[in-house]
Amino acid sequence: MGLDLITKYFNGLTDVQISQYEALYDLYSDWNSKINVISRRDIENLYEHHVLHSLAIANVLKFREGTSIIDVGTGGGFPAIPLAIMFPECQFTLIDSTGKKLKVADAVAEAIGLSNTETHHARIEEIKTKHDFVISRAAMDMQTLVSLTRKNVARKGKNALPNGLICLKGGEIGNEIAPFRKSITVHNLSDWFEEEFFKTKKAIYMPL
């Protein structure tokens, strides 16, 4: 399934947003043949396993205009690029320690006309800027992610949830989240998306 999988769950997309989402398959397929940012066997599942998965964060929180978001370990642009399409009035900063993957993210963003993304080839330890939210998709374990990104979260918020971390995880995460159990909210993606892929997937929100 392709674009129809996105429109199945997200209504009210503009013509521009629909055309941007539609363009992602050809762009990522082409770039993935040169720089491996998605498993080559998985490119056929781009919309389910990568685009819709990224957009689960939009179900955790509808970012308000002017929100600043930093994506840690973005790779080729997930979850930031699908979210940047969804929230064109927000600013997304994409961080990765592998420069060639960011080349893909930059090329895709430019090709679809995104003006609200910027990339930085760096480790999160080197980044000092403040943002409303940190997002991440299985980039590292929770304890490391929290300790490395707490410094990057601005104190004053503008959204329905306090500023903090929203990350996507899969599989058994009980031990990983145990130290934070009192402060986190865990969402089962299967509550939102009916596809089999999402049965073990979770979105975690934690104020920082």
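This is a predicted model: local features need pLDDT of at least 70, side-chain atom pairs count only at pLDDT 80 or more; totals for chains, interfaces and linings use all residues.
Local features were considered at pLDDT of at least 70 and side-chain atom pairs only at pLDDT 80 or more, whereas totals for chains, interfaces and linings use all residues. Residues are numbered from 1 along each chain as its sequence is written, and side-chain values use heavy atoms, with hydrogens and water left out.

Helices (H or I, at least four residues) and strands (E, at least two) are DSSP runs numbered from the N terminus. Because 14 of its 15 residues are buried, α3 is largely enclosed by the rest of the structure; buried denotes under 20% relative accessible area (1.4 Å probe, protein chains only).

Strand β4 (residues 133-137) is likewise largely enclosed, since five of its five residues are buried. Phe 133, Ile 135 and Arg 137 point one way from β4, and Val 134 and Ser 136 point the other way. In a regular strand the side chains alternate between the two faces of the sheet.

Strand pairing requires at least two DSSP bridges. Strand β1 (residues 68-72) runs parallel to β4 and is joined to it by three bridges, with Asp 71 opposite Ile 135. Five bridges join β4 to the parallel strand β5 (residues 164-170), where Leu 168 stands opposite Arg 137 of β4. From β4 the chain passes through helix α6 (residues 142-149) to β5 in a right-handed β-α-β crossover: with the strands pointing away from the viewer, the path from the first strand over the helix to the second runs clockwise.

How values were computed. Buried means under 20% relative accessible area, exposed over 50%, partly exposed in between (1.4 Å probe, protein chains only).
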